[in-house]
Amino acid sequence: NVCFCAVVISRGLLGRQWEKTMKKMFTAAAVAATMSFGATTAYADCGEVSITEMDWASSAVVTAVATFLMEQGYGCTVQKVPSSTVPALTSLAETGEPDILTEVWANSTPAYQPLIDEGKLVEVADVLSDGGVEAWWIPAYLAETNPELTTWEGIMANPAAVGGKFHDCPSGWACDIINNNNLKAAGIEGSGLERFQHGSGETLQTSIAAAFEEKAPWLGYYWAPTAVLGKYPMVRVEVPEYNAEAHACNGDPDCASPVHSAYPAAKVATAVSGSFAKENPEIVELLGNVSFTNAQMGEVLAWRLDNNASYDEAAVHFLTSNTDVWGSWLNDEAKGKLSALLK
């Protein structure tokens, strides 16, 4: 048996190098465990699985954790598919793939429920058990010196005070369409406030870090749980109350009459294709158990940010720190295959 020593070594004393070492040990232990148990029916049944790797941090961590458990506990051959919400749902609707969609923000994705209703998509878990938060924000230091900027009316009265720019999410994200329609309804055209779309979640994150470093003005969209909102104190901008009908239209790129509306509390789900759900009940059962509290995910993301770590390293950090949590996600056979790692 392979001795998995991660649970008895102090990570705080050894830092990033410890995590790199543990990643190698973790992988080696998994390979050894797999070889020691040999091929089984469950391994053969799982086969090839495709799973989204969405282009934001929490979803990528979910994907990395789920991938490890599927590969080492259930014998799957997993292909990660880089994607975003809208392209992933479009692909699934047209081709039935990818098999698994991680961290779908259902309230912000109009195509989601119709696919559920048609049976093309099956929701299996609230992957963020506390739900998610989406909003428009300014830095706390800006709110302290200019409290009027905590309201949309205050921002429109002085766009220069927030830098004349709205920092928005990348193209392909569900928030891209919703924010664009909300900004149209909020009257930014000719106001002196411009929408600036970042090319990735990473550059959006970096813009916040840079603003805090210089105590510069900043206004834009962000969400939680994230390391960013844990690390950098932000204040939510007061906008018109959530309106379900308006929000639904704002999620449509062809919305004829957008109305400014706050985001609702977000349902954040893992979903699988209808055919995958029928053919892989054991994997669906596993994915139905894979769920993170905002505190758990926030801790992993903050660790990743502080250590400039990869998503796989962040997943290893979670797995080595929370064996009592993810151990309960597995069925008995998978626990047996991973017993060497759980010691």
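Reply: First, the general idea: each axis is a line fitted to C-alpha atoms, for helices over the stretch in contact, and angles run from 0 to 180 degrees between N-to-C directions. Keep in mind that this model is predicted. Here, helix H14 (residues 294-307) packs on helix H15 (residues 311-321) at an angle of about 130 degrees, and their axes are 9 Å apart.

Me: What do I call the way H14 and H15 lie to each other?

Reply: Angles of 65 to 115 degrees count as roughly perpendicular, and over 145 as roughly antiparallel. H14 and H15 are therefore oblique to each other. Their crossing is right-handed.

Me: Which residues of H14 and H15 make the contact?

Reply: From H14 come Glu299, Val300, Trp303 and Arg304, and from H15 come Tyr311, Glu313, Ala314, His317 and Phe318. They split into five nonpolar, one polar and three charged.

Me: And at what angle do H3 and H15 cross?

Reply: Helix H3 (residues 57-74) crosses H15 at roughly 65 degrees, and the axes come within 8 Å. That makes the two helices, H3 and H15, roughly perpendicular. This crossing is right-handed. Among the contact residues are Ala57, Val61 and Phe68 of H3, and Ala315 and Leu319 of H15. The contact of H3 with H15 counts twelve nonpolar residues, no polar ones and one charged.

Me: What unit does H3 make with strands E1 and E2?

Reply: A right-handed β-α-β unit. E1 (residues 48-54) and E2 (residues 77-83) run parallel, joined by seven bridges. Glutamate 53, for instance, has proline 82 in E2 as its bridge partner.

Note on methods. Residues are numbered from 1 along each chain as its sequence is written. This is a predicted model: local features need pLDDT of at least 70, side-chain atom pairs count only at pLDDT 80 or more; totals for chains, interfaces and linings use all residues. Side-chain values use heavy atoms; hydrogens and water are left out. Two strands pair if DSSP finds at least two bridges between them. Helices (H or I, at least four residues) and strands (E, at least two) are DSSP runs, numbered from the N terminus. A crossover is right-handed if, with the strands pointing away from the viewer, the path from the first strand over the helix to the second runs clockwise. Angles under 35 degrees count as roughly parallel, over 145 as roughly antiparallel, 65 to 115 as roughly perpendicular and the rest as oblique. A crossing is left-handed if the near helix is turned anticlockwise from the far one by less than a right angle, and right-handed if clockwise. Contact means heavy atoms within 4.5 Å. Ala, Val, Leu, Ile, Met, Phe, Trp, Tyr, Cys and Pro count as nonpolar, Asp, Glu, Lys and Arg as charged, and the others, Gly among them, as polar.
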